[in-house]
Amino acid sequence: MSAPILELRDVYTHFPVESGILFKRRSGTVKAVDGVSLALARGEVLGLVGESGCGKSTIARTIMGLLPATGGSVWLEGKNLTAAAAATGEARRALQMVFQDPFASLNPRLSVGEALAEPLRVHRLRPAADIPARVAELAALVGIPARSLGKYPHEFSGGQRQRIAIARALALEPRVIVADEPVSALDVSIQAQILNLLAKLVRDLGLSLVFIAHDLSVVKHLSDRVAVMYLGRIVELGTACDVIERPQHPYTRALVSAVPRPDPEGERARRRIVLAGDPPSPLNPPAGCPFHPRCAYAVDACRTTVPSLAPFDGREVSCLRVGELPV
(Lines give C-alpha, C1' and ligand atoms only; values in the text may rest on other atoms or scores of the structure.)
Protein backbone atom coordinates (compact mmCIF):
# COMPACT_ATOMS: atom_id res chain seq x y z
CA MET A 1 0.00 0.00 0.00
CA SER A 2 1.24 3.52 -0.79
CA ALA A 3 1.92 5.98 2.01
CA PRO A 4 -1.33 6.52 3.97
CA ILE A 5 -2.97 9.93 3.89
CA LEU A 6 -3.99 9.62 7.57
CA GLU A 7 -2.25 7.54 10.22
CA LEU A 8 -2.73 6.97 13.93
CA ARG A 9 0.37 5.71 15.70
CA ASP A 10 -0.25 4.11 19.09
CA VAL A 11 -2.77 6.78 20.15
CA TYR A 12 -3.95 7.02 23.75
CA THR A 13 -6.68 9.36 24.97
CA HIS A 14 -7.14 9.17 28.73
CA PHE A 15 -9.23 11.36 31.03
CA PRO A 16 -8.25 11.93 34.66
CA VAL A 17 -10.94 11.44 37.32
CA GLU A 18 -10.67 13.81 40.26
CA SER A 19 -12.33 13.68 43.66
CA GLY A 20 -12.59 16.18 46.49
CA ILE A 21 -14.05 19.68 46.72
CA LEU A 22 -11.37 21.99 48.07
CA PHE A 23 -8.34 19.78 47.60
CA LYS A 24 -8.78 17.78 44.42
CA ARG A 25 -6.81 14.64 43.91
CA ARG A 26 -6.63 12.21 41.05
CA SER A 27 -8.60 9.10 41.88
CA GLY A 28 -8.48 7.26 38.57
CA THR A 29 -8.16 7.41 34.78
CA VAL A 30 -10.76 6.72 32.11
CA LYS A 31 -8.92 4.93 29.29
CA ALA A 32 -11.25 5.88 26.42
CA VAL A 33 -8.68 5.13 23.69
CA ASP A 34 -5.92 2.77 24.76
CA GLY A 35 -3.27 2.32 22.11
CA VAL A 36 -4.87 2.51 18.65
CA SER A 37 -2.90 2.35 15.42
CA LEU A 38 -4.71 2.80 12.09
CA ALA A 39 -3.84 3.86 8.55
CA LEU A 40 -6.18 5.33 5.93
CA ALA A 41 -5.20 5.09 2.27
CA ARG A 42 -6.00 7.76 -0.31
CA GLY A 43 -9.52 7.33 -1.65
CA GLU A 44 -10.35 4.67 0.95
CA VAL A 45 -13.38 4.39 3.23
CA LEU A 46 -12.43 2.94 6.62
CA GLY A 47 -15.36 1.86 8.79
CA LEU A 48 -14.96 1.97 12.57
CA VAL A 49 -17.54 -0.06 14.51
CA GLY A 50 -18.23 -1.11 18.08
CA GLU A 51 -20.84 -0.80 20.78
CA SER A 52 -21.58 2.46 22.59
CA GLY A 53 -18.77 3.54 24.91
CA CYS A 54 -15.98 1.70 23.10
CA GLY A 55 -14.17 4.92 22.17
CA LYS A 56 -15.21 5.51 18.54
CA SER A 57 -16.24 9.14 18.97
CA THR A 58 -13.20 9.83 21.15
CA ILE A 59 -10.96 8.63 18.32
CA ALA A 60 -12.79 10.96 15.91
CA ARG A 61 -12.31 13.95 18.18
CA THR A 62 -8.68 13.04 18.81
CA ILE A 63 -8.02 12.91 15.07
CA MET A 64 -9.62 16.34 14.68
CA GLY A 65 -7.67 17.80 17.59
CA LEU A 66 -10.85 18.51 19.56
CA LEU A 67 -9.45 16.28 22.30
CA PRO A 68 -5.72 16.16 23.07
CA ALA A 69 -4.02 12.80 22.70
CA THR A 70 -2.48 11.55 25.94
CA GLY A 71 0.10 9.59 23.97
CA GLY A 72 0.98 8.65 20.42
CA SER A 73 0.53 10.81 17.34
CA VAL A 74 -1.83 11.54 14.44
CA TRP A 75 -0.24 12.07 11.03
CA LEU A 76 -1.82 13.69 7.96
CA GLU A 77 0.13 13.51 4.72
CA GLY A 78 3.40 13.18 6.60
CA LYS A 79 2.67 15.98 9.10
CA ASN A 80 2.31 15.29 12.81
CA LEU A 81 -0.97 16.93 13.83
CA THR A 82 -0.23 16.43 17.51
CA ALA A 83 2.66 18.88 17.13
CA ALA A 84 1.45 22.46 17.53
CA ALA A 85 3.27 23.76 14.45
CA ALA A 86 1.49 21.32 12.11
CA ALA A 87 -1.98 21.56 13.64
CA THR A 88 -3.01 24.77 11.87
CA GLY A 89 -3.47 26.15 8.37
CA GLU A 90 -3.42 23.81 5.41
CA ALA A 91 -3.19 20.65 7.49
CA ARG A 92 -6.39 21.51 9.35
CA ARG A 93 -8.25 22.57 6.20
CA ALA A 94 -7.47 19.19 4.67
CA LEU A 95 -9.23 17.39 7.55
CA GLN A 96 -12.92 18.02 8.24
CA MET A 97 -15.63 16.36 10.33
CA VAL A 98 -19.33 15.53 9.99
CA PHE A 99 -20.99 15.19 13.39
CA GLN A 100 -23.78 12.83 14.44
CA ASP A 101 -26.31 15.57 15.21
CA PRO A 102 -26.35 18.24 12.48
CA PHE A 103 -28.81 20.40 14.39
CA ALA A 104 -26.32 20.73 17.26
CA SER A 105 -23.37 21.37 14.93
CA LEU A 106 -25.06 24.11 12.85
CA ASN A 107 -25.33 27.65 14.20
CA PRO A 108 -29.08 28.38 14.60
CA ARG A 109 -28.40 32.12 14.12
CA LEU A 110 -26.91 31.65 10.65
CA SER A 111 -28.86 30.88 7.50
CA VAL A 112 -27.66 27.93 5.45
CA GLY A 113 -26.00 30.24 2.94
CA GLU A 114 -24.19 32.11 5.72
CA ALA A 115 -23.07 28.84 7.35
CA LEU A 116 -21.56 27.62 4.07
CA ALA A 117 -19.93 30.99 3.35
CA GLU A 118 -18.36 31.40 6.79
CA PRO A 119 -15.42 28.95 6.39
CA LEU A 120 -14.65 30.43 2.97
CA ARG A 121 -14.36 33.89 4.52
CA VAL A 122 -12.41 32.77 7.58
CA HIS A 123 -9.82 30.87 5.53
CA ARG A 124 -9.91 33.37 2.63
CA LEU A 125 -10.19 30.63 0.04
CA ARG A 126 -12.31 32.72 -2.34
CA PRO A 127 -12.56 36.41 -3.21
CA ALA A 128 -15.65 37.94 -1.62
CA ALA A 129 -17.31 38.31 -5.02
CA ASP A 130 -16.91 34.57 -5.76
CA ILE A 131 -18.30 33.26 -2.45
CA PRO A 132 -22.03 33.26 -3.42
CA ALA A 133 -21.31 31.14 -6.49
CA ARG A 134 -19.22 28.70 -4.44
CA VAL A 135 -21.99 28.44 -1.82
CA ALA A 136 -24.53 27.63 -4.53
CA GLU A 137 -22.12 25.03 -5.95
CA LEU A 138 -21.73 23.36 -2.54
CA ALA A 139 -25.50 23.28 -2.02
CA ALA A 140 -26.05 21.70 -5.44
CA LEU A 141 -23.34 19.13 -4.69
CA VAL A 142 -25.36 17.72 -1.77
CA GLY A 143 -28.83 18.21 -3.24
CA ILE A 144 -29.95 21.40 -1.44
CA PRO A 145 -31.88 23.80 -3.73
CA ALA A 146 -30.36 27.26 -4.11
CA ARG A 147 -33.69 28.83 -3.16
CA SER A 148 -33.34 27.30 0.34
CA LEU A 149 -30.04 29.02 1.18
CA GLY A 150 -31.83 31.83 3.01
CA LYS A 151 -33.54 29.43 5.42
CA TYR A 152 -32.31 28.51 8.92
CA PRO A 153 -31.41 25.03 10.23
CA HIS A 154 -34.72 24.55 12.12
CA GLU A 155 -36.61 24.88 8.82
CA PHE A 156 -35.05 21.70 7.39
CA SER A 157 -35.61 18.00 8.05
CA GLY A 158 -32.94 15.85 9.72
CA GLY A 159 -31.73 14.43 6.42
CA GLN A 160 -31.52 17.89 4.83
CA ARG A 161 -29.59 19.23 7.82
CA GLN A 162 -27.09 16.39 7.47
CA ARG A 163 -26.66 17.27 3.79
CA ILE A 164 -25.95 20.86 4.85
CA ALA A 165 -23.39 19.65 7.41
CA ILE A 166 -21.69 17.58 4.69
CA ALA A 167 -21.64 20.61 2.37
CA ARG A 168 -20.04 22.69 5.11
CA ALA A 169 -17.37 20.02 5.61
CA LEU A 170 -16.67 20.14 1.86
CA ALA A 171 -16.38 23.93 1.78
CA LEU A 172 -12.65 23.92 2.54
CA GLU A 173 -11.96 21.23 -0.09
CA PRO A 174 -10.65 18.65 2.40
CA ARG A 175 -8.87 15.48 1.46
CA VAL A 176 -10.03 13.53 4.54
CA ILE A 177 -13.45 13.57 6.22
CA VAL A 178 -14.24 11.99 9.58
CA ALA A 179 -17.96 11.12 9.80
CA ASP A 180 -19.08 10.28 13.34
CA GLU A 181 -22.29 8.22 13.06
CA PRO A 182 -23.75 10.59 10.44
CA VAL A 183 -26.86 8.47 9.75
CA SER A 184 -27.69 6.92 13.13
CA ALA A 185 -30.37 9.53 13.95
CA LEU A 186 -32.09 9.31 10.55
CA ASP A 187 -34.91 7.17 9.18
CA VAL A 188 -33.85 4.13 7.16
CA SER A 189 -34.86 5.60 3.78
CA ILE A 190 -33.00 8.84 4.56
CA GLN A 191 -29.99 6.83 5.76
CA ALA A 192 -29.76 5.24 2.31
CA GLN A 193 -29.81 8.66 0.64
CA ILE A 194 -27.02 10.03 2.84
CA LEU A 195 -24.92 6.87 2.41
CA ASN A 196 -25.28 7.03 -1.37
CA LEU A 197 -24.36 10.72 -1.25
CA LEU A 198 -21.20 9.98 0.76
CA ALA A 199 -20.24 7.17 -1.62
CA LYS A 200 -20.71 9.49 -4.61
CA LEU A 201 -18.63 12.25 -3.03
CA VAL A 202 -15.82 9.82 -2.19
CA ARG A 203 -15.83 8.57 -5.76
CA ASP A 204 -16.21 11.91 -7.55
CA LEU A 205 -13.99 14.08 -5.34
CA GLY A 206 -11.35 11.48 -4.45
CA LEU A 207 -11.99 11.87 -0.73
CA SER A 208 -10.73 9.57 2.01
CA LEU A 209 -13.32 8.83 4.69
CA VAL A 210 -13.29 7.54 8.26
CA PHE A 211 -16.87 6.33 8.73
CA ILE A 212 -17.91 5.64 12.33
CA ALA A 213 -21.08 3.64 13.00
CA HIS A 214 -22.54 0.86 15.09
CA ASP A 215 -24.67 -0.68 12.31
CA LEU A 216 -22.61 -3.33 10.53
CA SER A 217 -24.90 -3.52 7.50
CA VAL A 218 -24.44 0.23 6.95
CA VAL A 219 -20.68 -0.07 7.35
CA LYS A 220 -20.46 -2.97 4.90
CA HIS A 221 -22.40 -1.00 2.29
CA LEU A 222 -19.95 1.91 2.32
CA SER A 223 -16.56 0.76 3.62
CA ASP A 224 -13.52 -0.77 1.95
CA ARG A 225 -12.03 -1.90 5.27
CA VAL A 226 -13.51 -2.26 8.74
CA ALA A 227 -11.89 -1.86 12.16
CA VAL A 228 -13.78 -3.35 15.12
CA MET A 229 -13.22 -1.60 18.44
CA TYR A 230 -13.75 -2.84 21.98
CA LEU A 231 -12.96 -0.96 25.21
CA GLY A 232 -10.58 1.49 23.57
CA ARG A 233 -8.69 -1.06 21.44
CA ILE A 234 -8.89 -2.42 17.89
CA VAL A 235 -9.67 -6.14 18.03
CA GLU A 236 -10.09 -6.92 14.32
CA LEU A 237 -9.13 -5.09 11.13
CA GLY A 238 -9.60 -6.20 7.53
CA THR A 239 -11.64 -5.82 4.38
CA ALA A 240 -15.37 -5.26 4.91
CA CYS A 241 -16.30 -8.60 3.33
CA ASP A 242 -13.76 -10.58 5.37
CA VAL A 243 -14.60 -9.00 8.72
CA ILE A 244 -18.39 -9.07 8.36
CA GLU A 245 -18.87 -12.31 6.43
CA ARG A 246 -16.08 -14.34 8.07
CA PRO A 247 -15.40 -12.75 11.49
CA GLN A 248 -12.56 -14.25 13.52
CA HIS A 249 -12.51 -12.40 16.84
CA PRO A 250 -15.18 -13.62 19.33
CA TYR A 251 -16.45 -10.05 19.81
CA THR A 252 -16.79 -9.48 16.07
CA ARG A 253 -18.70 -12.76 15.81
CA ALA A 254 -21.13 -11.56 18.46
CA LEU A 255 -21.65 -8.25 16.66
CA VAL A 256 -22.27 -9.94 13.32
CA SER A 257 -24.71 -12.42 14.85
CA ALA A 258 -26.86 -9.51 16.08
CA VAL A 259 -27.42 -8.08 12.59
CA PRO A 260 -31.03 -8.87 11.55
CA ARG A 261 -31.58 -10.65 8.24
CA PRO A 262 -34.28 -9.66 5.74
CA ASP A 263 -35.07 -13.35 5.09
CA PRO A 264 -37.58 -14.65 7.69
CA GLU A 265 -36.43 -18.25 7.27
CA GLY A 266 -32.79 -17.31 7.65
CA GLU A 267 -33.63 -15.11 10.64
CA ARG A 268 -35.32 -18.00 12.44
CA ALA A 269 -32.46 -20.40 11.66
CA ARG A 270 -29.54 -18.17 12.62
CA ARG A 271 -27.71 -18.64 15.90
CA ARG A 272 -27.46 -15.46 17.95
CA ILE A 273 -24.38 -15.09 20.18
CA VAL A 274 -25.41 -13.41 23.43
CA LEU A 275 -22.49 -12.03 25.43
CA ALA A 276 -22.52 -12.48 29.19
CA GLY A 277 -22.52 -9.43 31.43
CA ASP A 278 -21.86 -5.81 30.56
CA PRO A 279 -18.76 -4.24 29.02
CA PRO A 280 -16.12 -3.45 31.67
CA SER A 281 -15.66 0.18 32.65
CA PRO A 282 -12.82 2.05 30.91
CA LEU A 283 -12.13 3.49 34.37
CA ASN A 284 -11.08 0.05 35.56
CA PRO A 285 -10.39 -2.19 32.54
CA PRO A 286 -9.57 -5.85 33.20
CA ALA A 287 -6.02 -7.16 33.08
CA GLY A 288 -5.01 -9.15 30.04
CA CYS A 289 -7.35 -9.26 27.05
CA PRO A 290 -10.05 -6.60 27.59
CA PHE A 291 -12.71 -8.97 26.21
CA HIS A 292 -11.91 -12.01 28.35
CA PRO A 293 -14.59 -11.43 31.07
CA ARG A 294 -17.30 -11.87 28.40
CA CYS A 295 -15.56 -14.39 26.13
CA ALA A 296 -16.78 -17.98 26.08
CA TYR A 297 -13.38 -19.16 24.78
CA ALA A 298 -11.11 -17.41 27.31
CA VAL A 299 -8.29 -19.41 28.90
CA ASP A 300 -5.92 -18.54 31.75
CA ALA A 301 -3.48 -16.79 29.42
CA CYS A 302 -6.24 -14.39 28.30
CA ARG A 303 -6.51 -13.09 31.87
CA THR A 304 -2.88 -12.03 32.08
CA THR A 305 -1.61 -11.37 28.54
CA VAL A 306 -2.70 -8.40 26.40
CA PRO A 307 -2.94 -9.68 22.79
CA SER A 308 -1.63 -7.50 19.97
CA LEU A 309 -3.03 -7.18 16.46
CA ALA A 310 -1.44 -9.94 14.39
CA PRO A 311 -2.01 -11.07 10.79
CA PHE A 312 -4.42 -13.99 10.36
CA ASP A 313 -6.49 -15.16 7.40
CA GLY A 314 -6.07 -11.96 5.38
CA ARG A 315 -6.78 -9.56 8.24
CA GLU A 316 -5.41 -8.56 11.65
CA VAL A 317 -6.90 -10.00 14.84
CA SER A 318 -6.17 -9.29 18.51
CA CYS A 319 -6.87 -12.67 20.10
CA LEU A 320 -4.60 -15.27 21.71
CA ARG A 321 -6.85 -18.11 20.51
CA VAL A 322 -7.42 -17.00 16.95
CA GLY A 323 -7.45 -20.03 14.68
CA GLU A 324 -8.53 -22.33 17.53
CA LEU A 325 -12.16 -21.19 17.71
CA PRO A 326 -14.92 -23.34 16.20
CA VAL A 327 -16.12 -22.33 12.74
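**Figure 1. Helix α1 and the glycine that follows it.** In this predicted model, helix α1 is followed by Gly 65, whose phi is positive, near 85°. Helices here are DSSP runs of H or I with at least four residues, strands are runs of E with at least two, and both are numbered from the N terminus. Of the 9 residues of α1 (residues 56-64), 7 are buried, so the helix is largely enclosed by the rest of the structure. The buried positions in α1 are Lys 56, Thr 58, Ile 59, Ala 60, Thr 62, Ile 63 and Met 64, where buried means under 20% relative accessible area, exposed means over 50% and partly exposed lies in between (1.4 Å probe, protein chains only). Residues are numbered from 1 along each chain as its sequence is written, and side-chain values use heavy atoms, with hydrogens and water left out. Because the model is predicted, local features need pLDDT of at least 70 and side-chain atom pairs count only at pLDDT 80 or more, whereas totals for chains, interfaces and linings use all residues.

Figure 2. Within helix α5 (residues 131-141), the buried residues are Ile 131, Arg 134, Val 135, Leu 138 and Ala 139. These residues lie on the same side of α5, because they cover an arc of only 140° around the axis, the arc being that of the directions from the helix axis to the C-beta atoms. Pro 132, Ala 133 and Ala 140, by comparison, are exposed on the other side of α5. The packing partners of the buried residues of α5 are α4 (112-123) and α6 (158-170), with contact meaning heavy atoms within 4.5 Å. Just after α5 comes Gly 143, which takes a positive phi of about 85°.

Figure 3. Ser 111 is found in the loop between α3 (102-105) and α4, and it counts as buried, with a relative accessibility of 8%. When neighbours within four places in sequence are left aside, Ser 111 is in contact with Leu 149, Gly 150, Lys 151 and Tyr 152. Pro 153 is 42 residues away from Ser 111 in sequence, yet the two are 6.9 Å apart in space, C-alpha to C-alpha.

**Figure 4. Ser 73 in strand β4.** Strand β4 (residues 71-76) holds Ser 73, which counts as buried at 11% relative accessibility. The side chains of Ser 73 and Trp 75 are joined by a polar contact of 2.7 Å. Such a contact is a pair of N or O atoms within 3.5 Å; within protein, one must be able to donate a hydrogen and the other to accept it, and residues adjacent in sequence count only if both atoms are side-chain atoms. Not counting residues up to four places away in sequence, Ser 73 touches Glu 7, Leu 8, Arg 9, Val 11, Asn 80 and Thr 82.

Figure 5. Most residues other than glycine have a negative phi. Asp 10, in strand β1 (residues 6-19), has a positive phi near 50° and counts as partly exposed at 39% relative accessibility. Glu 77 is not a glycine either, and its phi is positive at about 50°. Glu 77 sits in the loop between β4 and β5 (79-80) and is partly exposed, with a relative accessible area of 30%.

**Figure 6. The nonpolar cores and the surroundings of Val 226.** The largest nonpolar core has 54 residues, and those with the most contacts inside it are Ile 166, Leu 170, Leu 209, Phe 211 and Val 226. A nonpolar core is a set of buried Ala, Val, Leu, Ile, Met, Phe, Trp, Tyr and Cys residues joined through side-chain atoms within 4.5 Å. Helix α7 (residues 188-205) gives the most to this core, contributing 6 residues. Leaving aside neighbours within four places in sequence, the residues in contact with Val 226 include Leu 46, Val 49, Val 219, Leu 237, Val 243 and Ile 244. A second, separate core comprises 30 residues, among them Leu 6, Leu 48, Ala 60 and Val 176.
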